[in-house]
Each structure stands twice: as structure tokens, then as C-alpha cells.
Amino acid sequence: MNQISTPRPTSSPVLKPHGRVGITQTRARAGSLLEPGAAFMQLEAGALQAAGSQVPSDEERRPALREEHVDVVVIGAGQNGLSVGYHLARKGVKFVILEARERVGDIWRSRWDSLRLFTPARFDALIGMPFPAERYSFPTKDDMADYLEVYAKKFSLPVRTGFKVDEVTRSGDRYIVSAGQTRYVAGHVVAAASSYQKPKIPDFAASLDPSIRQFHSGVYKNPGQLNPGSVLLVGASNSGAEIAMDLAATHQVWLAGRHPGHIPVAYNGYFAMRLVLPVVLRIVFHRLLTVDTPMGRKAKPQQLSHGLPLIRVKPQDLDAAGVRRVSRVAGVRDGKPMLDDGQLLDVSNVIWCTGFRAGLDWIKLPIFDDSGRVKQYRGAVEGEPGLYVCGLHFQHSTSSTMIHGAARDAGYVADKIGERMRAAAR
């Protein structure tokens, strides 16, 4: 495997007398532990300097600017980035995976406490490694996080945590990826940061009465975050329905938004697990609803604007839990949320289950259409040979943002990179 070591600084500070310790000594003592990122270097240098008799100058405290040349930079170490890494490693490509968080899997660890995956374990494995759970169970979000961390270690993928990408630009036929004090120069870049980067909240949210506690579903953890009283969930897709069920025991819950449809069988029954879900996930979502079929092209705008059908929670489950379903929230009047029929809801809390924007504005290249979406086909970005995306909503099919769809999309991107590298080598 191509384990990429942290690059050496282009220059090292000169050691001063009185037992002071510089970055060179810090790196020597840290060894492979320096891999988690530049933040570690700063912390370790500070600890070592504390043993000296003088305070370091600003120049010595400033990390040296580093530059590294690789074939491919993969941005994001979630299921999409790791899947791309798996394929690239088998092609013998020199690459690095940059992850902004401190541990692989932290994006899953940060989600709400009771979250379980919407699909059973048999559909939650990445290529090359089964998911370590009973195949018809629903893993927790922490199970998924730990699985991703083990996956990266099992295949010795060159992941560098604590490296947040600031921008991607291009110089000639090479891409420049800037991450803190490190500058990567690569012929290929894969933005595998999925579609869950920037929460979408409507502008009128600012007009809600200040006494109403409001936040996005991306920061929801548990019922203890809420004010006493009722709660309005805006957005009735999978996240909204799941959080509604989580809150129903402690709060009066209103669930607003268009019903996205649902799988009309009990999700945990024998029939659903062994027949319905495989057909829906492997055939309908994975092969029928794609950008290459008339059915898929018709479904794509609908799914981009309204989300996937409910996979686990059914309307009758919401009714049995006492969740009140109402129409779309159209705005705010007198500081209260207003439905599209003019009804005002007197609630103490609002959780915006309104989805996310891709949050790829750090790519400083003309790759976006008028709606702000990346112009791409199956992950290959239009007009930018060498630039790819992975994990976008309906990138190729409904399954593109589902775990079982990651391997196919990642494999296609890795194959395109391999083809381009072979052509350049001729």
C-alpha cells in the first residue's frame, strides 16, 4: 500500500541555546504520531518548549510552509473517500486522504445519540470488508464510525486527520490543494466530502421569537437540548421522521412538510428484510433510478428537492407515537411559524430538518451550475479533467448517498483516474 508520510518542512528553524526545542526535534520525537495533522505539531512543539528556559519567538512558533506532490488528493475520509482510497491503493497510485476531523468516523459520531442506520448491516459494508454485525440488524451511528476507522487501518489507507482543506485551485494542468500550512500539488483531486456539509435553513428563521429554541438537525443530540413544551420539526423525510420518534416520549411533536412516501411493509419483518429491501436498495435505488434511465432522470429533481422515501418509520408509527403531521411551513408571522394554510403554531422549539448544501465553495473553479450544483457525470466534473466528486445526492443514482452505493461510484472515479494517468504516461 502507498502509505504517505507527512512531508518534511521546506526549512527548519535554527536551534537556540538554553535547551530550547525546535520543530525538527518535535518531529523526531513525535515520529508516526505526527500523522494526525498540523495541529498535533503545534501542540507537541508547545509541550516540548515548556521545558526550555526561553519563550520561542513568533517566527519559531509559526509552522513552516510545506509542499508535497502526489498523484491524487482525496478530500474526506467518510465512506466515499475511503472507498475511493481502496480502489486507488489497488492501482498503485500515490495518494493521500485528507480528513478535517480528528478521527476517521467522527462525522458519524457527531450525529444524534439514538441514530441507527436506515439500512440493515448487510447493506452497510464497504468493498472488501463485511460489516461486523448481524446482517439484519440496524447498526448505531457509533458502530458505523468505528467500522470506518477499522476499515482505514485494515487497508493501510494514507489518511491524515486534522487537515481541513481551505481551497482547491488549479495552476496549469495541476491542482493545488491548500490545507493549513500544507500545499498539495496533484494531477487529480476527488472531493469526497458528501452532500452533508452546510445546513440549509430558510431566511425567515431569523424572524422567529427569540424565546423559541431553534437549531438544525445536524446539531441535534437528544431531547435534553430542547425547551419544555412542544417542538416543530420542519421537514418530513427520514431525519425528520426519526427525530420525531425520538422526541415523542418527552414532547408534543409537530412534523411539517410534504410526505415523501415510504416502503409499505414492516422494515424489520422477514418478508421486508429478505425480499423487499434487497429489491428496493439493490435494484430500484441502485439500477433503475439512475441518470442513465428515463425513470431515474424523472425521479432525480424530486429526490433532490424532497429527499428519499421513508425507509424505516411509517406514517402509522408516527400516528401511534402521537406525532401531529401538518403541511409545509411557509414563513413566520408574529414571531411564530406559519403553515402554508395560514395557521400559526405556538411551539417552544423548532428543529430544521431541511437538509444540507454540498458546501463545496472552497473549490475555486467554475464547476457549478445556476442552482449551485456541481456539473458532473458520474463524478467526473465537466470542464475540469482531473477533478472529481463522490457522494453527492443522485450523483449517478438514488444509492449514491447510501453506503451500499459508495463502492460503485468510487470505483468509476478511480477507473477514470487510472485511464487518465495511463494516457498521460504514453
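The largest cavity is lined by Arg111, Trp112, Ser217, Gly218, Tyr220, Ser239 and Phe356, where lining residues have an atom within 4 Å of a cavity point. The model is predicted, so local features need pLDDT of at least 70 and side-chain atom pairs count only at pLDDT 80 or more, while totals for chains, interfaces and linings use all residues. Residues are numbered from 1 along each chain as its sequence is written, and side-chain values use heavy atoms, without hydrogens or water.

**Cavity**
- A search of the whole structure finds 1 cavity of 30 Å³ or more, a cavity being a set of points on a 1 Å grid over the protein atoms alone where a 1.4 Å probe fits but cannot get out.
- The largest cavity holds about 50 Å³ of space; a volume is the space filled by probe spheres set on the points, which are joined across faces, edges and corners.

**Chain overview**
- The chain contains 11 helices and 18 strands, taken as DSSP runs (helices H or I, at least four residues; strands E, at least two) and numbered from the N terminus.
- Of its 426 residues, 50% count as buried (under 20% relative accessible area with a 1.4 Å probe, protein chains only; exposed is over 50%, and partly exposed lies in between).
- Among contacts with a separation of 6 or more, 66% join residues 24 or more positions apart (contact: heavy atoms within 4.5 Å).

**Helix α7**
- Helix α7 (residues 238-247) is mostly covered, with 7 of its 10 residues buried.
- Those buried residues are Asn238, Gly240, Ala241, Glu242, Ile243, Ala244 and Leu247.
- Their cover includes β9 (231-234), β10 (253-256), α10 (315-320) and β14 (349-352).

**Glu99 in strand β2**
- Glu99 lies in β2 (residues 95-99) and counts as buried because its relative accessibility is 8%.
- The Glu99 side chain reaches the backbone nitrogen of Ala77 at 2.9 Å and that of Arg101 at 3.0 Å.
- Beyond neighbours within four places in sequence, Glu99 contacts Gly76, Ala77, Gly78, Val159, Arg160, Thr161, Gly162 and Phe163.
- The C-alpha atoms of Glu99 and Val74 are separated by 8.9 Å, the two residues being 25 apart along the chain.

**Loop between β18 and α11**
- Ser397 lies in the loop between β18 (387-389) and α11 (406-425), and it counts as buried because its relative accessibility is 0%.
- The side chains of Ser397 and Ser399 are joined by a polar contact of 2.8 Å (N or O atoms within 3.5 Å; within protein, one able to donate a hydrogen and the other to accept it, and residues adjacent in sequence counting only if both atoms are side-chain atoms).
- Not counting residues up to four places away in sequence, Ser397 touches Phe285, His286, Leu289, Thr290 and Arg408.
- Phe394 also lies in the loop between β18 and α11; its phi is positive, near 50°, and at 3% relative accessibility it is buried.

**Hairpin and a further positive phi**
- Strands β12 (residues 329-333) and β13 (residues 336-339) pair in the antiparallel sense over 4 bridges, pairing requiring at least two DSSP bridges.
- Gly331 stands opposite Met338 in β13.
- The two strands β12 and β13 form a hairpin with 2 residues between them, and Asp334 in the turn has a positive phi of about 55°.
- Ser156, not a glycine, has a positive phi of about 50°; it sits in the loop between α6 (141-154) and β3 (159-161) and is partly exposed at 33% relative accessible area.

Methods. On a 1 Å grid over the protein atoms alone, a cavity is a set of points where a 1.4 Å probe fits but cannot get out, and a pocket is an open set with protein on both sides within 12 Å along at least five of seven lines; lining residues have an atom within 4 Å of a point.
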